[in-house]
Amino acid sequence: MSDPRNTAHNKKVKQEKAHHPPAHPETGAANAAEMPGAAPEPVLTKLAHDQEDLQKSVTVLSKLKEMEFHSRANMETLAKLTLTIEDELKQKEFSDGIGALYSTQDGFQAKITALIETYQAKCESMKEAA
């Protein structure tokens, strides 16, 4: 008569084989993606991807801030040119053109400032999530 412990053990082994995939034929290792303890690898990949996205987003934010800085400098230059054209050179026919450029630059300045604020908030939320 066989030992009941051996029978129970054999039954347990059969159940485990049914639930776990067989070992890879070339390496002898089981498929890590299907193993119950393999969850950290995708999590690490996601964290690395999130960090990479955060770095790229911070770079974009930096470039937007640089563009905003140059936009302010352009507005100052246009204001000085307006004074020079109207007051010193008395070339009033060009003041409308400079005024139109100033208005366009002012619109750009307002839009890029708003974009920077929202993009900066997005970067902050990405930092908190990481």
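**View 1. A salt bridge between lysine 56 and glutamate 52.** Here the side chains of lysine 56 and glutamate 52 meet at 3.3 Å, N to O. Both residues belong to helix 2 and are four residues apart, about one turn of the helix. Lysine 56 has a relative accessibility of 49% and counts as partly exposed; glutamate 52, at 43%, is also partly exposed.

**View 2. Glutamate 68 and arginine 72.** Which residue does glutamate 68 form a salt bridge with? The partner is arginine 72, with the closest N and O atoms 2.9 Å apart. Glutamate 68 is buried at 14% relative accessibility, so it falls under the 20% cut-off. Arginine 72, in contrast, is partly exposed at 39%. The pair lies in helix 2, four residues apart, and is therefore separated by about one helical turn. The structure holds three salt bridges.

**View 3. The largest nonpolar core.** Five residues make up this core: Leu61, Leu64, Ile112, Ile116 and Cys123. Helix 2 and helix 3 (95-129) are the elements that give two or more residues to it, and helix 3 provides the largest share, three residues. In soluble globular proteins, nonpolar side chains tend to be buried together. Take a look at isoleucine 116: leaving aside residues up to four places away in sequence, it touches Leu61 and Leu64, and also Lys65 and Glu68.

**View 4. Serine 57 in helix 2.** Is serine 57 buried or exposed? At 10% relative accessibility, serine 57 counts as buried. This serine lies in helix 2 (residues 40-88). Beyond residues up to four places away in sequence, serine 57 touches Tyr119, Cys123 and Met126.

**View 5. The whole chain, with confidence in mind.** The protein chain has three helices and zero strands. Of its 130 residues, 14% count as buried. The average pLDDT is 83, and 79% of the residues score at least 70. Confidence is highest in helix 3, at a mean of 96, and lowest in helix 1 (residues 4-19), at 71. Where pLDDT is low, the predicted coordinates should not be read in detail.

Notes: Residues numbered from 1 in each chain as written. Predicted model: local features only at pLDDT ≥ 70, side-chain atom pairs only at ≥ 80, totals over all residues. Heavy atoms only, no water. Buried < 20%, exposed > 50% of the residue type's maximum accessible area, 1.4 Å probe, protein only. Contact = heavy atoms within 4.5 Å. Core = buried A, V, L, I, M, F, W, Y, C linked by side-chain atoms within 4.5 Å. pLDDT = per-residue confidence, 0-100. Salt bridge = Lys/Arg side-chain N within 4 Å of Asp/Glu carboxyl O.
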